[in-house]
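Subject: Structure handover

Hello,

The structure you asked about is below, with the sequence. My notes on what was found in it follow.

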Amino acid sequence: MERMTTAAIIVAAGAGERAGGSVPKQFAPVGGVPAIAHSYRALASHPAIDRVLVVIGDGHEGLLAAAIGGDVGHVIGGATRRASVRAGLAAIGDAERVLIHDAARPFLRAEVIDRLLAALDTTAGAVPVLPVADTIARREGVLGDVVDRAALVRVQTPQAFRVEAIRDAHARWPDDVEATDDAAVLRASGGVVATVEGDAMLDKITHPADFAAAEARLASRMISRSAGGFDVHRLEAGEELWLGGLLIPHSMGLSGHSDADVALHAITDALLGTIGSGDIGSHFPPSDPQWKGAASDRFLAHAADLVRRDGGVIDFVDLTILCEAPKIGPHRDAMRARIADILGLSVGQVSVKATTTERLGFTGRGEGIAAQAVATVRVPGV
Ligand code: CTP
Ligand code: MG
C-alpha cells in the first residue's frame, strides 16, 4: 500500500483550570520534564508520522520552547478545544492522515499509534478505548439505576482520522455547540469511527491529584541503566589544568583539542552510553574547529540534555580520577558541586574519587591523567 502522509496535532491551548498550578498543566513537570514533552517525543519519533504540530495558547511560545526546545511547529489555538483543533487542522497542509492528541495525556506508546493507523485503512476515524471497570449508575439526587457497563468504553486520545473527513466534519459542526472530542464530530457527519485497544498509560491529567498518578504510571515503566566512560589526556608543561570542571593550579596541564578535561569527558561518555548515543567524539568531532579549546562543561551539559530528551532521569554519577599529582582531595567538594551544577543534580548524586597507580604506567610516571566514570539513569522502558 502507498505510504500516506501523516501529521500529528497536539492540542495544548487549554488553561488547565481544574488542575491549577502556576503554568497550564501541559507545561507542568511530569518525571522532571514538562508533560507535553513526553507525547511530543512519542509522536515525533514514530516512523509513520511525518510532522508534529502543537496548538498553544496565545503568549505560550516561551513555555513551548522551554518544554520542547528548538523550532517546534506551532499555531495559536482558540477558546475551546474544538477551536484549537480547527486551528491545527487548518495548519497541517496536505497531510492525508492526522492524529489529534491531548497534551494532557503524556504517555503515548508507539503500539497505540500503530493500532490507530492500521484501523484507518478501513474507516475514516479510529479511537483508543478502554473498558469501564467501576459500576456505572445514574444519579438522580439519590442513586439511580445501574447502567450496563459491558456496552460502555472510556475514549482516549490520540484520535486518528482521514484529514479530508475530519476537516469536513468540523466545518459542518454548529459553532454554538461544544464537542467532547473529535470522534463525536466525525460521527455527527456520518463518519465511521473504529475502536482500538487503548492504554491506561494514556489517562488524562485533569485534577491536581492526577499529577501524582501520572508520576506513578511513569515510575512503573522506568528501567535503570548504567554505563561507563573512560578518557586519557597527556600532561604537558605550559597548559592549564582543567579537571572536573575546575581550573586547578598545577605545574602542568592536560593537552587536547578541547580543554582536555578528562574527568568531564569520562562522565560525558558514561551518560551517552546510557542511551546508546555513541561517544563524545561522534557528537563533538576533534576534527571540527568549533570545539578547539572548547570548555568541556558544554559537552557534559549536552549529554545530560540528550538523556532527558529521551525521557531519562539521571540518578547518579560516580567519577574516579587516576593520577599521581595533583592531589584531588582538596578539590573534591568543589568538583562534586561543579559537576552537580552542570548536570542539574544535587551534590549527593555525584561522587568523586581519586587514586594513584602506585607510580606504575603512564599515570604513575605523570605523563597523563586518566578518568573513568559510571552513570546510572532511569529511562522509559517498553
Ligand atoms: N485544549 C486546547 N484549547 C482549548 C481547551 C483545551 O487546546 N481551548 C486542550 C488542552 O490543552 C488539553 C486538551 O485540550 O491538552 C484536553 O482539554 P482539558 O483536559 O479540558 O484541558 P484544559 O481545558 O486545559 O483544562 P480545564 O478544562 O481544566 O481548564
Ligand atoms: Mg477544558
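A nonpolar core is taken here as a set of buried Ala, Val, Leu, Ile, Met, Phe, Trp, Tyr and Cys residues joined through side-chain atoms within 4.5 Å. Please keep in mind that this is a predicted model.

Cores

The largest nonpolar core has 41 residues, and the members that touch the most others are Leu243, Leu271 and Ile339. At least two residues each come from helices H8 (262-274), H10 (296-309) and H11 (332-343), and likewise from strands E17 (313-322), E18 (350-355) and E19 (368-380). The biggest contribution is that of H8, with eight residues. Apart from this core lies another, of 31 residues, which includes Ala48, Leu108, Val112 and Ala119.

For Leu243, contacts beyond four places in sequence are made with Ile248, Leu254, Asp261, Val262, Ala263, Ile321, Ile328, Met335 and Ile369.

Overall layout

The chain has 382 residues, of which 48% are buried. Its secondary structure amounts to twelve helices and 19 strands. The chain is divided into two domains, domain 1 covering 6-220 and domain 2 covering 223-380. Their centres, taken over C-alpha atoms, are 42 Å apart. The C-alpha trace spans about 80 × 50 × 40 Å along its principal axes.

Counting contacts between residues at least 6 apart in sequence, 70% join residues at least 24 apart. The accessible surface of the chain is about 17,800 Å², and carbon and sulfur atoms account for 53% of this.

Ligand 1

Ligand 1 is surrounded by 19 residues, the closest being Gly16, Glu17, Lys25, Ser84 and Lys204. Lys25 approaches through its side chain, with a polar atom 2.8 Å from an oxygen atom of ligand 1. Taken alone, the ligand exposes 560 Å², and the protein buries 87% of that area.

His170

His170 is in helix H5 (residues 163-172). Its relative accessibility is 2%, so His170 counts as buried; the cut-off for buried is under 20%. The side chain of His170 makes a polar contact of 2.9 Å with the side chain of Asp182. Leaving out residues up to four places away in sequence, His170 touches Arg82, Val85, Arg86, Leu89, Asp182 and Val185.

Ser226

Ser226 is in strand E13 (residues 222-237). With a relative accessibility of 51%, Ser226 counts as exposed, because the cut-off for exposed is over 50%. Beyond four places in sequence, Ser226 is in contact with Thr274, Val374, Ala375 and Thr376. With Thr376 there is a polar contact between side chains, at 3.3 Å. Ser226 and Leu254 are separated by 28 residues in sequence and by 28 Å in space, C-alpha to C-alpha.

Backbone geometry

Most residues other than glycine have a negative phi, and most peptide bonds are trans. The following places in the model depart from that.

- Thr157 and Pro158 are joined by a cis peptide bond, with omega about 5°. Pro158 is in the loop between strand E10 (153-155) and strand E11 (159-162).
- Ala325 and Pro326 are also joined by a cis peptide bond, with omega about 0°. Pro326 is in the loop between E17 and H11.
- Glu358 is not a glycine, yet has a positive phi of about 55°. Glu358 is in the loop between E18 and helix H12 (361-364), and is exposed, with a relative accessible area of 63%.
- Arg359 is not a glycine either and has a positive phi of about 60°. Arg359 is in the loop between E18 and H12, and is exposed, at a relative accessible area of 65%.

Regards

Key
Residues numbered from 1 in each chain as written. Chains lettered and ligands numbered in written order. Heavy atoms only, no water. Buried < 20%, exposed > 50% of the residue type's maximum accessible area, 1.4 Å probe, protein only. Helix = DSSP H or I, 4+ residues; strand = E, 2+ residues; numbered from the N terminus. Contact = heavy atoms within 4.5 Å. Domains from an automatic or database assignment. Near = heavy atom within 4 Å. Polar contact = N/O pair within 3.5 Å; in protein donor to acceptor, adjacent residues only side chain to side chain. Areas by Shrake-Rupley, 256 points an atom, 1.4 Å probe, with all protein chains shown as cover.
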